[in-house]
Amino acid sequence: MAIKILGTGSYLPENIVTNEDFTKIVDTSDEWIVKRTGIHERRITETPTYVMAETAARRALENARTAPEEIDLILCTTVSSDFITPSLACIVQGRIGAKNAIAFDINAACAAFVYALDLADMYLLRGMGKILIISAESLSKITDYTDRSTCVLFGDAAGACVVTAGEGKFAASFGCDGAGAWTLFARQHKNQVPFVEVIDPQEIDRFPDAKDGTLYMDGKEVYKFAVGAMAKALTDASGKFGLALEELDLIVPHQANIRIIQTAAKELKLPLERFYVNIGRCGNTSSACIPVALDEINRAGKLTAGMKVGLVGFGAGLVYGGCVFEV
């Protein structure tokens with residue numbers, strides 16, 4: 001049994017922040033940003049994460065011609081929810097009226113949408129009918145806008161899809177390198193406990209520039225991990241599916257950096273044209289990157305029956321995941 005995508009939806013905030021806007025707050029330039037990242041602009045939200053998630057979800061349901069009451073499960077992926085609890089999935093479940101759905105969140109950083117698809121596949125095997133997956137990220141809330149090397153990378157967005165069981169196959173591959181956790185992280189604000197002196201994690205002492213509540217990244221280490229992880233995830237997933245890499249019609253990668261995508265394409269010996277890229281317009285929106293791209297492809301009429309599609313993501317953890325399915 002395979003996953004069948006019934007419909008897709010996405011939401012990009014109206015507020016566009018260009019590279020030129022960043023030159024007013026940090027020492028950078030449009031040329032520097034484009035050359036190193038491929039990003040020209042990104043969207044920054046004025047609304048809560050759950051509003052973006054709800055909007056993308058409603059658009060996916062409409063595209064799938066599915067009523068909220070038909071949804072059995074809502075999986076949300078995010079590292080930037082508005083609340084520690086309740087989950088983003090529960091909030092969206094109530095707002096869209098999906099009264100028959102169970103709901104919970106997944107935190108697997110930028111690879112989380114692929115993780116959610118794989119989890120949906122397992123639930124479909126157990127007999128569920130329709131599953132709504134939503135990836136929503138307000139990375140602007142956890143971005144350090146004094147760090148010129150990272151603040152230009154991130155944007156806000158939400159993407160969603162409705163899936164059900166279909167014929168054919170679905171194959172996935174995942175991995176984790178927890179030893180690299182400290183190359184990309186965002187720490188909660190320090191606890192204020194009146195009864196004890198809270199001890200900071202020893203690992204944090206190694207990163208004096210890391211601020212509470214904002215992202216810290218060792219770009220060189222993440223780059224090295226990402227290229228290898230993308231190649232391994234896609235190769236392994238394609239092998240499980242029974243396809244050679246060159247038989248993939250389309251690859252939708254996490255949109256972290258254009259140079260990572262270019263290098264991975266060379267590593268895989270695939271033409272760059274086979275990779276869908278929208279990082280120039282959206283920036284890095286973590287787990288929302290892949291579903292936003294899928295919605296753009298779908299609404300452009302380029303997600304056609306019989307296509308072999310590969311998805312691949314990587315991110316904080318360090319984690320990676322790739323999957324292959326037939327449309």
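Two strands count as paired when DSSP finds at least two bridges between them. Keep in mind that everything shown here comes from a predicted model.

**View 1. A four-stranded open sheet.** The strands line up as β8-β13-β12-β11, with mixed pairing. β8 (170-176) and β11 (250-253) sit at the edges with a single partner strand each, so one side of each has no neighbour in the sheet. From one strand to the next, the twist averages 10°.

**View 2. Where β8 meets β13.** These two strands run antiparallel, and seven bridges join β8 to β13 (residues 319-326). Look for Cys176: standing opposite it in β13 is Val319.

**View 3. Helices on the sheet.** Helix α6 (residues 219-241) lies across β8, β11, β12 (308-315) and β13, at about 35° to β13. Helix α9 (residues 289-299) packs on the sheet too, touching β11 and β12, and its direction makes about 140° with that of β11.

**View 4. Aromatic pairs around helix α5.** The model has six aromatic pairs. In one of them, the ring centres of Phe104 and Tyr123 are 6.5 Å apart with planes at 50°, so this pair is tilted. Phe104 belongs to strand β5 (residues 102-106) and Tyr123 to helix α5 (residues 112-125), so the pair ties together parts 19 residues apart in sequence. Tyr115 and Phe174 make a tilted pair as well, at 4.4 Å centre to centre and 55° between planes. Here helix α5 holds Tyr115 and strand β8 holds Phe174, so parts 59 residues apart in sequence are tied together.

**View 5. Charges over rings.** Arg148 lies over the face of Trp32, 5.0 Å from the ring centre. Over the ring of Phe241 sits the charged end of Lys169, 4.9 Å from its centre.

Technical notes. Residues are numbered from 1 along each chain as its sequence is written. This is a predicted model: local features need pLDDT of at least 70, side-chain atom pairs count only at pLDDT 80 or more; totals for chains, interfaces and linings use all residues. Side-chain values use heavy atoms; hydrogens and water are left out. Axes are lines fitted to C-alpha atoms, for helices over the stretch in contact, and angles run from 0 to 180 degrees between N-to-C directions. Contact means heavy atoms within 4.5 Å. Rings of Phe, Tyr and Trp (its six-membered ring) pair if their centres lie within 6.5 Å; planes under 30 degrees apart count as stacked, over 60 as edge-to-face and the rest as tilted. A charge sits over a ring if NZ of Lys or CZ of Arg is within 6 Å of the ring centre and within 35 degrees of the ring normal.
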